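Work through the following exercises with the model open beside you. Each one sets a task and then gives a solution in steps.

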Amino acid sequence: MRTPHLAIFSRPRNRLACALFMAGLAQQALALDYGIYDARALAMGGTALAVGDTTQGQYYNPALLAFHSGDEDKTRDGRTYFPTMVVQATDTADSAINAVDDNLDTKLSNAVNSYNSLKTAASAGAVAASATDLRKVLDEIANKDVTVNGFFGLSVSEPSDHEGGAFYIGARVIGAGTSKVTDTDLALLDDYISAMNEIAAGATPQAVAAKYPNLVNANGTLKDPTKTLSSSADVSALAISEWGMAAAKEFTFWGQAISFGITPKLMRVDAYRDDANFNTSSATSINDTINQFSDTKSTHITFNADIGIAAIIAEHYRVGIAVKDISSKDFTTHQDADPVTGLARPDLIVKLRPRSRMGLGYVNENFSVGVDYDLKESTPIANEAPNQDLTLGAEYRLFDSLALRVGYRQDQTGVRENASSAGIGYRYRRFVMDIAYSQSADMKAGGLQMGWTF
């Protein structure tokens, strides 16, 4: 599967907008979590380790594929899903993207040039307004987490009598890192706002220049602040393409059904990591910044596997434990020489580590409720903060065609805000569709999948 292309950023921008977007993606983004890969799980808060069905096992706990009775040719419980899409993004990511689209840095530079051409109250007010808009966005990015996390895939699952299998192709993209919007940059913009507002209110340019000498050149012209900002970001990303084949078998021990499952998979991992800053003299457009980030790309082809176990107790109660990516991997990325000093910069490491999760659930014909818990904090892929989820989800089936779902997710580390979610599943004859939406104080997510029974 092809790695997603950043074609949306095709229009030129000044270097501040380039770095603004890259820093936005990087600000305290979350570590590589267990993952949400389909709309049903998203609607249920990410809960799937025990209450997941045979259409989801390949993503969360392969042991679930065996929790099925009857011949697949008669039950028609096989599923082909395409597309399956889940996208999660914080509100601050929207702010960063909007800043690029709104040309905030270009507007400020143009306002400065206009003021230098004609020093009037109106032109000074335009500089103050543009600086205020940019200051607001920088403050939002500096004080809130930013995460972009998406999955797109195709899957085919075929449960049989107390055993089952599934195949999937999927691509997951995660942006992560740490940004530093400096107090010096914020204070500089504050000076521009105050100085230009004073001129707009009637003060003379000479008096304001004497009060704010750091804002003017030797010839008395106003400096362009976008060329002197010093904020920076350690930006990293993983684009993980997987080809997985899951299988599970149910056994009976002391009258209890216990299933074991495994998902061997071939992975293509495109790892990116770079040190970016606002004042990169070689980056004059968003394309230049994207290209510099892309130049750090390191592609790795590797094998890995997910494993899981699940048990049915007293007919309706379930417990499951699973581990994703059981083999630890380190991916080295290459940085170009420092664009200012020309000195070589060290290679950087992006980490992929196992993630373990446990789930408990109650499942009957019409109602399911479950809870999942990450057994330990996730390992950051670079320098971002870890996370550890506790999720709760429920589903109620009306007739055979409609399912109503709700969920709740809480990060035990306190980094991420609590999220609520809801969704529906619909079936008409052999056509099936699932839709989900999730929202927290700083994040929105949506999921959609469509499929066919066989």
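**Exercise 1.** Among contacts in the protein chain between residues at least 6 apart in sequence, what percentage join residues at least 24 apart?

*Solution.* Begin by keeping in mind that this is a predicted model. Of the contacts between residues at least 6 apart in the protein chain, 69% join residues that are at least 24 apart in sequence. As a background to that value, the chain holds ten helices and 16 strands, and 51% of its 454 residues count as buried.

**Exercise 2.** Classify the ring pair formed by Tyr37 and Phe151, and work out which parts of the chain the pair ties together.

*Solution.* A pair of aromatic rings is described by the distance of the centres and the angle of the planes. For Tyr37 and Phe151 the centres are 5.2 Å apart and the planes stand at 90°. Because planes over 60 degrees apart count as edge-to-face, the pair of Tyr37 and Phe151 is edge-to-face. Next, locate the two residues: Tyr37 lies in the loop between helix H1 (15-26) and helix H2 (39-43), whereas Phe151 belongs to strand S2 (residues 148-159), so the pair ties together parts that are 114 residues apart in sequence. Finally, look at the surroundings, where both Tyr37 and Phe151 are buried and where they form one aromatic cluster together with Tyr59, Tyr60 and Tyr168.

**Exercise 3.** In which sense, parallel or antiparallel, do strands S6 and S7 pair, and what lies between them?

*Solution.* Strand S6 (residues 298-313) and strand S7 (residues 317-324) pair in the antiparallel sense, over seven bridges. At one place in this pairing, Ile313 stands opposite Tyr317 in S7. The two strands form a hairpin with three residues between them, and in the turn Ala314 has a positive phi of about 55°. To finish, turn to Lys324, whose charged end sits over the ring of Tyr34, 5.9 Å from the ring centre.

Key:
Residues are numbered from 1 along each chain as its sequence is written. This is a predicted model: local features need pLDDT of at least 70, side-chain atom pairs count only at pLDDT 80 or more; totals for chains, interfaces and linings use all residues. Side-chain values use heavy atoms; hydrogens and water are left out. Rings of Phe, Tyr and Trp (its six-membered ring) pair if their centres lie within 6.5 Å; planes under 30 degrees apart count as stacked, over 60 as edge-to-face and the rest as tilted. Helices (H or I, at least four residues) and strands (E, at least two) are DSSP runs, numbered from the N terminus. Buried means under 20% relative accessible area, exposed over 50%, partly exposed in between (1.4 Å probe, protein chains only). A charge sits over a ring if NZ of Lys or CZ of Arg is within 6 Å of the ring centre and within 35 degrees of the ring normal. Two strands pair if DSSP finds at least two bridges between them. Contact means heavy atoms within 4.5 Å.
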